[in-house]
Amino acid sequence: MEFRQVFYQQLSKLMKEDERIVVLDADLSKPNGTSPLYKEFPNRCYNVGIAESNMVSIAAGLSSCGMIPFIFTFAPFATRRTCDQIAVSLAYSYQKAIIVGTDPGVTAETNGGTHMAFEDISVVRAIPRIMVYDVVDAKQLEMAIPQMLNYDGIVYVRVPRKLYPDVYNNEYIYTLGKADILKEGKDVTIFTSGIMASEVLKAITLLKEANINAEVISLNTLKPLDKEAILKSVKKTNRAVVVENHSIIGGAYSSVAEYLSTVYPVIMKPIGIQDEFGQTGKYRELLEVYKLDYNNIAKQIIEFMK
Amino acid sequence: MSELVQIAKEIRRLTVECIASFGSGHIGGSLSIVDVLTALYYKEMNVDPKNPNKENRDRLVVSKGHSGPAVYATLAHKGYFEKSELKTLNKIGTNLPSHCDMNKVPGVDMTTGSLGQGISCAVGCAIASKIKNNGAYIYAIIGDGESQEGQVWEAAMFAAHKQLDNLIVFLDLNHCQIDGTIEEVVDNGMFFEKFNSFGFDTYSIDGHNIELICETIEKAKQVKGKPHMIILNTLKGKGVSFIEEMGVKNHSIPITKEDLEKALKELE
């Protein structure tokens, strides 16, 4: 299922049960899939027009009156453009909101470089009281949304709009804030962030052929970081790779490295965007350009393990 | 009404004492809004100092957050907390920082300080009141210099579009900002015409006439389907002549013990 469809279905259900939930859009309700909610809950959906800063501060006002706002816009506008409003109106003021930044990194595809946020996590991660969640698949998102309502703070949800490969099966149970072991192994730990999990799982076959038995851990949230899961795995493998659809500055690699450097330093390899801007292209083409497709991921890990 | 004038004088005394206790602060823009604060807390707003978080209360967002000392003085005078606490302004560990803080100060409805954001927050509160249909009025005070922030106009556009007639915004038109007069820095005048054309029910009045402020609020409440803008023509530093005379130089200044005595004498 498309990620935006998951949001629509969950909100359609949750808004019936919980009158506190309000939806805010900035002229992207159609692309982000929230538009049908306007018919179902005309009193609790607001399109503020192309004015993202206003939207974030409005959310803070709503929250101060006991509402729970969900804010939807593209990832660069949800973070870069509204950084101070998130920091002051929401976080510093101890308000609550769920900020949904859609089409992060290369999933911005042909919207191109201006819309391709490779630094959205870095922008929000340094602000206190913000959970940073890089969504892995539709099944996981479905389980995560109701849990967001109970989080005392702001949740930044980094998620594509459209259809991306499933990673988890129907038995999967997700606890927001926890990491998942996708595959056990002993030679190296590959930490993946968000939708990169499916590429990494495909790379595993190539790594096996090179006699590398890798452990794969999906980080899910970069804040809080599941430190216990990270440390336990790295103590076993003593080597770590981090794969992310984000700049290697300030994102998943930085998060894991910052933590491990204080407790158990190991040699690490960042596989992500190497401090450069985005460009237009289709998803798989962009993965190849930035060496984030499974072939290039495997190649880089094999080189790292020599 | 002379009772309210007396209260405003007392709040001005507390404001100057508050800032003098630290030795310096945002005195000009604090003194310019004391009369509207008096009108709101002593006549217009449905609030209860014994229960600052009362459900369905009216709310005030002081978007020009640096006027914190005047807000704190008003709240202390009204009984939200002890007046003695005013003398902790900006001292390490205080509950009274320069800029309004809703999590530290009982009675402050929104944390403000980064200019332009508070009016949007007030719009959010006004929407919440509409959703809850609780009849609460949301008040906001913005600055003239603050209105150089684009976000003010984003908020204004949306408030008018949504016909938020429970939102009453005041603009403290004291013509001064840090680097000079607004006319010198970036002349963003014609506020009446601007807000009127944005779809506000707009008024321009003497911002130091408490009776007139109250009358205008009541008049505005009769106008349905539009948010309200009441432009307050004010004097930065109002009430203390040597501060008034400093004009644009009184934004944030030292207040010595001698200054305090001089000011209090004038405010007797």
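1. Let's start where the two chains meet: 24 residues of chain A are in contact with 21 residues of chain B, contact being counted when C-beta atoms, placed from the backbone, lie within 7 Å. On the chain A side, α3 (52-64) and α5 (83-92) each supply at least two residues, and α3(A) gives the most, with nine. That side of chain A divides into twelve nonpolar, ten polar and two charged residues. Here Ala, Val, Leu, Ile, Met, Phe, Trp, Tyr, Cys and Pro count as nonpolar, Asp, Glu, Lys and Arg as charged, and the others, Gly among them, as polar.

2. A word on reading the model: it is predicted, local features need pLDDT of at least 70, side-chain atom pairs count only at pLDDT 80 or more, and totals for chains, interfaces and linings use all residues. Residues are numbered from 1 along each chain as its sequence is written, while chains are lettered from A and ligands numbered from 1 in the order in which they are written.

3. Next, have a look at strand β1 (residues 21-25) of chain A, where five of five residues are buried (20 or more other C-beta atoms within 10 Å of the residue's own, C-beta atoms being placed from the backbone). Helices (H or I, at least four residues) and strands (E, at least two) are DSSP runs, numbered from the N terminus. In a regular strand, side chains alternate between the two faces of the sheet. Ile21(A), Val23(A) and Asp25(A) lie on one side of β1(A), with Val22(A) and Leu24(A) on the other.

4. What does β1(A) pair with in the parallel sense over five bridges? The partner is strand β3 (residues 68-74) of chain A, pairing requiring at least two DSSP bridges between two strands. Within β3(A), Phe72(A) is the bridge partner of Asp25(A).

5. β1(A) also runs parallel to strand β2 (residues 45-47) of chain A, joined by three bridges; there, Cys45(A) is the bridge partner of Val23(A).

Terms used:
A residue is buried if 20 or more other C-beta atoms lie within 10 Å of its own, exposed if 12 or fewer, and partly exposed in between; C-beta atoms are placed from the backbone.
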